[in-house]
Amino acid sequence: YETPSAVWGEMTGGDAVAHTVSIRINDAFDLSNPRYKGGKITWGSYMEMYRDEETGKYCPNDRGNLLYNSTGDGIKNIQDGVYDAGTRTLTLTFRQRIAIPAEGTVVNVAFTMYENFGFHAKGCENIRLEGAYFYHTTGMAIGMSSCRNIYLNRVFLSPREGMLMTATADGLHCMNCTGDIVITGCVFEASHDDCMNINGRYLTVKSSEGNTLTLTGLDVPVFPGDVLEVYSKEDLHIVGSFTVTAVDAKTGILTVAEDTAGAVTDCFAANITQSPTLTVRDCLMGNKRNRGMLIQVRNVTVENCTFRNICHGPVQIFSVPSSFGEGIMPAHVSVRNCKFFRCGATDVNIFSWSATGGTAPGTVQDVSVCNNFFCESVYYPVQVSTGGNVTVADNLFDRIGTRPDPMNPRCAVRVTCSQDVTVRNNWMLPFAKRFTVMNTREASKDKRNQRVVEEGSVLLEKK
């Protein structure tokens, strides 16, 4: 874009009492352009950056300020912005007190969030995107909605020289897509939000009686022969599974083969038949603020991928019912032969939250995390919460827990509120004393855990 929505500069000062910071904008950007509205941010973001000595690339600093105004969730942290063309200084005012960064700190500022797409497809079939380069987009880089069969090969979302940000929102966002989603040999870097968010929307059961379910809307495709899994809103435990025999799209009434017994009213429903099969192979994701991959579908393979410098966690396998309506309960997920370097939060996080905060064991089913390399993880490399039939095996953990949670044991694999979990043949080079492969003591005290087994763990001595 001739007028990029993201710019950067260096910190020149700030006022903690007035909640302001001042940034001298790099000479490559002309903020006197009317499109910047005199520096005022309606929707956008503010990120303090650091330079990774190994890669030479700038990354968001998760110990600094990462603030934004988002059209997605209505959050507003940035109150105002004013630009002085004479000194090339952008002064931002925040709605709350922030820690003022040191003079010279590199800061990236974006003036859009989710408003636009670089590439968008809706209701399309057999999409092939290959050898495509996305340097900067004023919103999502690639958006796919209600599409069937998506193939991305050698798609590069990387910042052009002189830029620190690519997409001001997600790199790839797929919603309600079906068939195959195959992503190979791609690079997704420096986006503000997730590298990839692959999700299927859930429905809500308005009423149930006999062999009928009445749903609040059918924006998710449902066909005769599809199977719906129904979950309690209270703790997300599976209430029942129903095979659709007839669909009335106008009324939202489904006829099902099983008797509902009227017991599934005001529950969530997920069409597991229409969930896509997702394969992500030989990809690189990193140097960014939010998450790497959000996996909220079924039948998933993530293999031979590298994740580096991702602030809020590289891989999340989860469902959290929210205002976005994203996320059926994941199942049948494999994360294997991948490498994780210096990522914040949890590297592979298996979890779910209900609206009440209470969750049931066995909600996220059939997940394997095998033969991966985790290096310099900030917190737990692997966390299993509300999982069922989960295997964590043959992984190597090197110098993990550089910022351990003081409330919990120092470990590589943390298991809570789960059932049928096997942690087997994992190796660890401890960062410090009193590290363990698994939180065995905590897990044994958690009465929600059932049939959790650890075996064959190896702690390697530091030379």
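**View 1. Rings of Phe, Tyr and Trp (its six-membered ring) pair if their centres lie within 6.5 Å; planes under 30 degrees apart are called stacked, over 60 edge-to-face, and the rest tilted.**View 1. Rings of Phe, Tyr and Trp (its six-membered ring) pair if their centres lie within 6.5 Å; planes under 30 degrees apart count as stacked, over 60 as edge-to-face and the rest as tilted. This is a predicted model, so local features need pLDDT of at least 70 and side-chain atom pairs count only at pLDDT 80 or more, while totals for chains, interfaces and linings use all residues. Residues are numbered from 1 along each chain as its sequence is written, and side-chain values use heavy atoms, with hydrogens and water left out.

View 2. Strands here are DSSP runs of E with at least two residues, and helices are runs of H or I with at least four, numbered from the N terminus. Phe-341 counts as buried, at 17% relative accessibility, whereas Phe-373, at 22%, counts as partly exposed. Buried means under 20% relative accessible area, exposed over 50%, and partly exposed in between (1.4 Å probe, protein chains only).

**View 3. Phe-351 and Trp-353 make a tilted pair.** The ring centres are 5.3 Å apart and the planes stand at 55 degrees, so this one is tilted. Phe-351 is buried, with a relative accessible area of 8%.

**View 4. Four Phe rings join up in a cluster.** The members are Phe-307, Phe-340, Phe-374 and Phe-397, linked by ring pairs.

View 5. You'll find His-19 in the loop between strand 1 (6–15) and strand 2 (20–25). Leu-236 sits in the loop between strand 19 (227–231) and strand 20 (238–248). With 0% relative accessibility, Leu-236 counts as buried.

**View 6. Stepping back, the protein has 1 helix and 42 strands.** Of its 463 residues, 56% count as buried. Residues 24 or more positions apart account for 69% of the contacts with a separation of 6 or more, where contact means heavy atoms within 4.5 Å. The C-alpha atoms fill a box of roughly 75 × 65 × 45 Å, taken along the principal axes.
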